[in-house]
Amino acid sequence: MTRYLAEWVLPMTGPPIRRGQIDVAGGRVVSVGPATTRGAIGPVVDLGATAVLPALVNAHTHLELSGLRGEVAPAESMPAWVDRLLARRGASGGPDPAAMRSAIAESRASGTGLVGDISNTLASVPVLEVADVSARVFREVLAFPDEGAAAVVGAALEELTACGGLTTVRLGLAAHAPYSVGPAVFAALDRAIRDRPRAPRSVHLAESPEEIEFLRAGVGPWRTLLERIGRWNPDWTPPGCGPVEYLDRMGWLGPDVVAVHGVQLTDTELACLAARGVTLVTCPRSNRWTGVGDPPIDRFIKAGVRLAVGTDSLASAPDLNLFAELASMRRCAPSVPARRLLDCATSAGADALGFGDAFGRIAPGRRAALISVQLPPGVGDVEEYLVNGITADQVCWLEEPDDRTLGDGGQPPDHRS
Ligand SMILES: [Zn+2]
């Protein structure tokens, strides 16, 4: 058993513990609490002026877009940004495994241990497995016409079935968004998901003002885009309501739903998400990049919605450092308690992705996926410090020494995921 001592331990099950300790054995947490001299059996590692916390959870990204880093400039509106993305993506020739590998390495180096990844190709699955990084990969369906809905969803299911023998990755299904997925496709996805209990589902929700316009009146830039790419359905009738009511009518709101963005949501819609137990994932840097505005994080929290955080892809964010995303949340919501923001990046994300029994909290029996953050002298409020921008060079992973190798001077193995 290894005992870690640190200036601060943040178990995320209660307040931070000053001068705390964590006992770890076999890659699992044995105990956590205030530092004591009792009961140490094995190496004691004093981490000094650091804060130890559970590995962070990036609840929304698109690793397969990693090759587009810096290639799609910020825009004044989301339709303008999507035009740029589609033009660039068409020319890029598909997901780039090397770019995905380096994105995953960068994300890990800045303290992320669990990822919620949206994929149209499942190309990220083998890359995550080889990198030994835990993830929920959602196979996303993007199809508006009703015709062929069952076949589109059936093909996605076959791809999931073909991914056998996974160790770190768990799979799920996603609908892209209410303005890009038709009602028959939502219904077919819902049936398929109900046959796969325990796996969460995901959907982009209320991201742009144009989405609201499209659902209320069936007009605007999203309709123009569907017509231009030959995916418009002339028989479709706009639901005449907002996106939350629309999804609720289709049975698409429940505790298994990971809804992403929510920038345009009203208080009534937020109350509905809270009542249904939906987790909302906020991606504030991406929202600014794609021109949809800042997310109303204080209203999300006041409404009692479960809230997690993600970086979104490298096509609309400068990096995959979740600490930088937390700092952006802090700028959007200066009065929200720092611990509430840290919950978003740990326990809430882990629960939403279906990994709450292993990730997101430091507690006996949970996986010892732990990071330490170097603290400068004089940090009084460690939680506030952690939500104001941490760089990768401050972050270390706690690597449990192995009794078998310590004796011969070997390198301790890395129990990182
Ligand atoms: Zn997204």
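Begin where the two domains meet: 16 residues of domain 1 are in contact with 17 residues of domain 2, two residues being in contact if their C-beta atoms, placed from the backbone, lie within 7 Å. Before going further, note that this is a predicted model, in which local features need pLDDT of at least 70 and side-chain atom pairs count only at pLDDT 80 or more, while totals for chains, interfaces and linings use all residues. Residues are numbered from 1 along each chain as its sequence is written.

Now select β5 (50-54) and α15 (382-386), the elements that give two or more residues to the side of domain 1 that touches domain 2; helices (H or I, at least four residues) and strands (E, at least two) are DSSP runs, numbered from the N terminus. The largest share of that side, three residues, comes from α15. By class, the side of domain 1 that touches domain 2 has eleven nonpolar, two polar and three charged residues, where Ala, Val, Leu, Ile, Met, Phe, Trp, Tyr, Cys and Pro count as nonpolar, Asp, Glu, Lys and Arg as charged, and the others, Gly among them, as polar.

Next, colour the domains, whose bounds come from an automatic or database domain assignment: domain 1 takes 2-54 + 361-406, and domain 2 takes 56-352. Their centres, taken over C-alpha atoms, are separated by 32 Å.

Zoom out to the whole chain, which has 16 helices and 15 strands and whose C-alpha trace spans about 70 × 45 × 40 Å along its principal axes. Buried residues make up 50% of the 417 residues, a residue being buried if 20 or more other C-beta atoms lie within 10 Å of its own, exposed if 12 or fewer, and partly exposed in between, with C-beta atoms placed from the backbone.

Finally, select helix α2 (residues 97-109), which has 13 residues and reaches 18 Å from its first C-alpha to its last, close to the 18 Å expected at 1.5 Å a residue, the expected span being 1.5 Å times one less than the number of residues. Show Met100, Ala103, Ile104, Ser107 and Arg108, which are buried in α2. They cover an arc of only 130° around the axis, so they lie on the same side of α2; the arc is that of the directions from the helix axis to the C-beta atoms. Around these buried residues, the covering elements include β6 (56-61), β7 (112-119) and α3 (124-131). Turn to the face of α2 away from its buried side to find the exposed residues Ala98 and Ala105. Just after α2, stop at Gly111, which takes a positive phi of about 100°.
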